[in-house]
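Colleague: Hi! Could you walk me through the side-chain contacts in this one? I'd like to start with the charged residues.

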Amino acid sequence: MPRDETSAQRAARLRLGRLPGYVRQPDPARRGGEDGRTYKKGWEVRFTARSEAEITEIRELVAAAGFAPARPFFKGHQLIQPVYGIAAVQAYLAARESLEATEATTGADTRTDPRTAGIPEQTRREPDSVAAAVRAAESAAARAAAEARAAAEAGRTERAGRAGRADRTGQAARER
């Protein structure tokens, strides 16, 4: 019986959690601040590999999961395969959490499974939830917007005060 496309994608997304990599998230303070229009960094998963064969394997798995892999690049002595977008980040982190939950319940390290032994596992633990990061970004953006409104209001009040003083000094000079 052939598997449908969604179950194949779901399986590929679960296998993403076994890949070594890390997540890059935008800085909410910079996104909402003065340089918010020039700050271009977005959500990104970076899978790491040691050889061209690993990159090819990663690219095939990312494409099977329904994401578009970008152009790989070298960073240090590693090949990096970036995948852009918050959906890719959420899928990767969900797969990592699922893998960790499975390891916790079975008590065994599923990363040593011989079926997935081609790519070494990442050792650094990623954040538990992207949703918490999104909430933090939204609250930081709201705070930055409130501060910007308060600063703009203070600037208008100060300019109005200076304009009133200038009118009074100009009037005093005309009266002399």
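Modeller: Happy to. Bear in mind that this is a predicted model. Let's begin with E44, which is buried, with a relative accessible area of 6%.

Colleague: Which side chains does E44 meet in salt bridges?

Modeller: One partner is R24, at 3.9 Å from N to O. The other is R46, with an N to O distance of 2.7 Å.

Colleague: How many salt bridges does a search of the whole structure find?

Modeller: Two. R24, E44 and R46 are linked in a network of salt bridges.

Colleague: Where do R24 and E44 sit in the chain?

Modeller: R24 is in strand β1, residues 21–24, while E44 is in strand β2, residues 44–49. The two are 20 residues apart, and their pair links distant parts of the chain.

Colleague: And is R24 buried or partly exposed?

Modeller: R24 counts as partly exposed, because its relative accessibility is 27% and buried would need under 20%.

Colleague: What about R46, buried or exposed?

Modeller: Buried: R46 has a relative accessible area of 11%.

Colleague: Good, switching topic. How many aromatic pairs turn up in a search of the whole structure?

Modeller: That search finds one. F47 and Y92 make the pair, and their geometry is edge-to-face, with 5.3 Å centre to centre and 85° between the planes.

Colleague: Which parts does that pair tie together?

Modeller: F47 lies in strand β2 and Y92 in helix α4, which covers residues 86–106, so the contact ties together parts that are 45 residues apart in sequence.

Colleague: Are F47 and Y92 buried or exposed?

Modeller: Both F47 and Y92 are buried.

Colleague: Let's talk about voids. How many cavities of 30 Å³ or more does the structure hold?

Modeller: It holds two of them. The second largest cavity has about 30 Å³ of space.

Colleague: Last one: what classes of residue make up the lining of the second largest cavity?

Modeller: Eight nonpolar residues, with no polar and no charged ones.

Note on methods. Residues numbered from 1 in each chain as written. Predicted model: local features only at pLDDT ≥ 70, side-chain atom pairs only at ≥ 80, totals over all residues. Heavy atoms only, no water. Salt bridge = Lys/Arg side-chain N within 4 Å of Asp/Glu carboxyl O. Helix = DSSP H or I, 4+ residues; strand = E, 2+ residues; numbered from the N terminus. Buried < 20%, exposed > 50% of the residue type's maximum accessible area, 1.4 Å probe, protein only. Phe/Tyr/Trp six-rings, centres within 6.5 Å; stacked < 30°, edge-to-face > 60°. 1 Å grid on protein atoms, 1.4 Å probe; cavity = no way out; pocket = protein on both sides within 12 Å on 5 of 7 lines; lining within 4 Å. Points joined across faces, edges and corners; volume = space filled by probe spheres on them. Nonpolar A, V, L, I, M, F, W, Y, C, P; charged D, E, K, R; others polar.
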